[in-house]
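Subject: Structure handover

Hello,

Here is the structure we talked about. Please open it first and then read the notes under it.

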Amino acid sequence: ESRLRPKHHSGHSDRVARRPRMAEGEPAEALCSELLGLPTDAAAAVVTRWLEKRGMSRTLTSFADEMASAAALAPPDARGGGDASAGVGSSKAHKVAPTAEALPVPGTSSRPGKLYDVEPLSAQQVPDVLLTKPDPIFHGERDERKRESCQLHDFAMMVHYDRFTSGLESETHFRVEEKQVIAGRYVVIQYLGSGTFCHTVQCEDLRATGRHRFVCVKISKNTKDIFDQNLWEVKLLKLLASQMTPQEAERLPLLLNVFYFRETLFIVYELLRDNLYHIYKYIEECRLPRYFTVERLRHVAKQCLLTLQCLHQRDVIHCDLKP
């Protein structure tokens, strides 16, 4: 019976039996004392290897960031953390990428600038005005009686329908396809893009010639809030056009038509060229001569600023400016 028992079984059982006899917390205390006796870089390398072997990536990242922050704050003579041999060993064991850093802003801090703050930010460090939620802004009159007596504006909107169809459409949103004819007038040529409130297509206007033969048609998405938002866009453009001079109105996109068809709102604009970003990208990909010179950029900036000036003079703020 003893010959059939594996030789290592007895030693293994003795080791397993001896483990509970150690005083509780003694191994941890011994390991902590051993780590405290090591140089900083060597101890950090040991902890890093332990975290890597157990797949604790989040803790490993936080630990690496903390070590990088501590190294940046340490005086130059204390950054070595030990002898040269310890430094060489730690550099081989430490495989975590360093924290991404940016150039410090002059006059703000003596610490190296970072892409984010390592230390938690307390509410006492933030001005009260930034912690106070502002009241919602309502541009207009809240009193219903005053709203009933205020001046009203209106515009005509065509509704296209066929007399042989009644009831709701089979689909909630209008399905657009190439070569489709919308409202018997606009032939879909190609898809231009999509946003939060609508889809945009290029169409040929069968009733127009010359400059506005090809147009941009915005197809509203069919929810109550989005429909109201798109209709407000039409109201605002018509109101601004009525208050501007012909020279100022040229700074706005030309609204050609607005109509209701198959339970969907359609807005027709003049067809514009690609935006500046797409033009720049095309020039870079095709390696064409540089187009955006300083003079051209000044011209574009002047157009933008003059348009914003017209809006501000009529108490309108553009809330979606992009660089």
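This is a predicted model: local features need pLDDT of at least 70, side-chain atom pairs count only at pLDDT 80 or more; totals for chains, interfaces and linings use all residues.

By about how many helical turns are Arg298 and Glu295 separated in helix H11? The two are three residues apart in that helix, which covers residues 294-313, so about one helical turn separates them.

Side chains of opposite charge can pair when their charged atoms come close. The structure holds eight salt bridges, and two further ones are described here.

Asp228 and Lys224 form a salt bridge through their side chains, at 2.5 Å from N to O. Both residues belong to helix H8 and are four residues apart, so they are separated by about one helical turn. Asp228 is partly exposed, at 32% relative accessible area, whereas Lys224 is exposed, at 59%.

Glu233 and Lys218 also meet in a salt bridge, with 3.1 Å from N to O. Glu233 lies in helix H8 (residues 224-243) and Lys218 in strand S5 (residues 214-220), so this pair ties together parts that are 15 residues apart in sequence. Is Lys218 buried or exposed? Lys218 has a relative accessible area of 17%, under the 20% cut-off, so it counts as buried. Glu233, at 24%, counts as partly exposed.

Last, the surface. Leu192, Phe214 and Leu271 make a nonpolar patch of about 230 Å². Leu192 lies in strand S3, residues 186-194, and is partly exposed at 41% relative accessibility.

Regards

How values were computed: Residues are numbered from 1 along each chain as its sequence is written. Side-chain values use heavy atoms; hydrogens and water are left out. Patches are made of residues with over 30% relative accessible area and no salt bridge: like charges are joined within 9 Å, nonpolar side chains (Val, Leu, Ile, Met, Phe, Trp, Tyr) within 5 Å. Accessible areas come from the Shrake-Rupley method with a 1.4 Å probe; for residues, only the protein chains shown count as cover. A salt bridge is a side-chain nitrogen of Lys or Arg within 4 Å of a carboxyl oxygen of Asp or Glu. Buried means under 20% relative accessible area, exposed over 50%, partly exposed in between (1.4 Å probe, protein chains only).
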